[in-house]
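Dear colleague,

Please find below the sequence and structure that I am handing over to you. My findings follow directly after them.

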Amino acid sequence: PTSIKAAQVRSYELLDQDRLKKLAERPEKHEELRRVWMFFPRFTPEGLLEDLSEEEQRDRRKGMLALLEAHGETARIACLERLGEAISGGTEADAALHRDLIHVLRVVPPADDDTVEHEIGLVATTSPQDEEDLVVEAIGYLGERKHEKAVSALISYLLAYEDLLVNGLKGSADQRRQAIAMLNRTVSTLSRTGIAEGTVAALEHGLKDVPELGDTTARLVALGTQDLSQYPELVSRVLESLRTALPGKLMGRFVKTKEDRILHLITALSGTPSREVRSALADLAKRFSDKKFGAAAKKALAGFDVAAPPREPSASLSGDLDLFGLPNVLQSLTVVGANG
């Protein structure tokens, strides 16, 4: 046994880590990988997690994560146990390992008969005050679970960031920008859950007129792919905000107004073909036909008349670019961290 262990240690150091990572990224090659795993204890989920907790180089960490993901459900179970032990013992894993554990839980789907409530509770212990990368991973995980408990956790994050920006943030401009970015991400994630509580929370946030929170109206853009007809009171509030934002007349001339706010509100309603919304947009299109937001209202109306099958909200964006406006699209892509 002593000789075998020594041989395993020496051989492990000679393995081509880059090649192993490439194999891990190709499911059809996992059978070949398993022949290697049988010989090296460090390639078990437990061994990989132990190495991951000590590794500082980002590229090597990515390679270990790829190998963990290739293990599938066994790695998922090991990560869940490791996360639970750290949290229940009061000795949370360092931020990098904590983030990586959540990452594996996020990308490796649970078994069909698995309950996610327990792990949602573990992930939700992540605090908005933790390191940004860790919180980003936690928000991403919670948004993808499509579960009421996950939405409740996201709403808690939303309220915490609002309180931090209004009452608690005394740091630098960079800290404020970071908090605003995380608030953008949280609201966007809530908007895409498709669960009523998340949609309502996103709507109510977007209607707040609190300068410390940044441009809350812009965050309503993510709701533009949803039919909000089931929330008539909130839709009425959005329409009231829209009417308030419209330019008024002074001595026969329109007073300059913030067109971006109007465009954001129109975009938020562009998936809601209710009679009240149609009437408001038709009025806009008629009265302000020479304005950019008048053209946006006209396009939104035209979109209502195009028959399309219902779809669940997703992280993707689709629709008429002129309606959304390039700045809105870029902001939405930034909020969700999209690439490609």
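The accessible surface of the protein comes to about 18600 Å², and carbon and sulfur atoms account for 51% of that area. Please bear in mind that this is a predicted model. The protein contains 18 helices and 2 strands, and 44% of its 340 residues are buried. Among contacts between residues at least 6 apart in sequence, 68% join residues at least 24 apart.

The largest nonpolar core holds 88 residues, of which Leu142, Ile266, Leu281 and Leu284 touch the most other members. Helix H10 (residues 148-168) supplies the largest share of this core, with 9 residues.

Two of these residues, Leu281 and Leu284, lie in helix H15, where Val277, Ala280 and Ala285 are buried as well. Viewed down the axis of H15, the buried residues fall within an arc of 135°, so they line one face of the helix. The face turned away from that buried side carries the exposed residues Arg275 and Lys286. H15 covers residues 275-287 and reaches 18 Å from its first C-alpha to its last, close to the 18 Å expected at 1.5 Å a residue.

What do the buried residues of H15 pack against? Their partners are helix H13 (232-245), helix H14 (259-269) and helix H16 (292-304).

Yours sincerely

How values were computed. Residues numbered from 1 in each chain as written. Predicted model: local features only at pLDDT ≥ 70, side-chain atom pairs only at ≥ 80, totals over all residues. Heavy atoms only, no water. Helix = DSSP H or I, 4+ residues; strand = E, 2+ residues; numbered from the N terminus. Buried < 20%, exposed > 50% of the residue type's maximum accessible area, 1.4 Å probe, protein only. Contact = heavy atoms within 4.5 Å. Areas by Shrake-Rupley, 256 points an atom, 1.4 Å probe, with all protein chains shown as cover. Expected span 1.5 Å × (residues − 1). Arc of directions from axis to C-beta. Core = buried A, V, L, I, M, F, W, Y, C linked by side-chain atoms within 4.5 Å.
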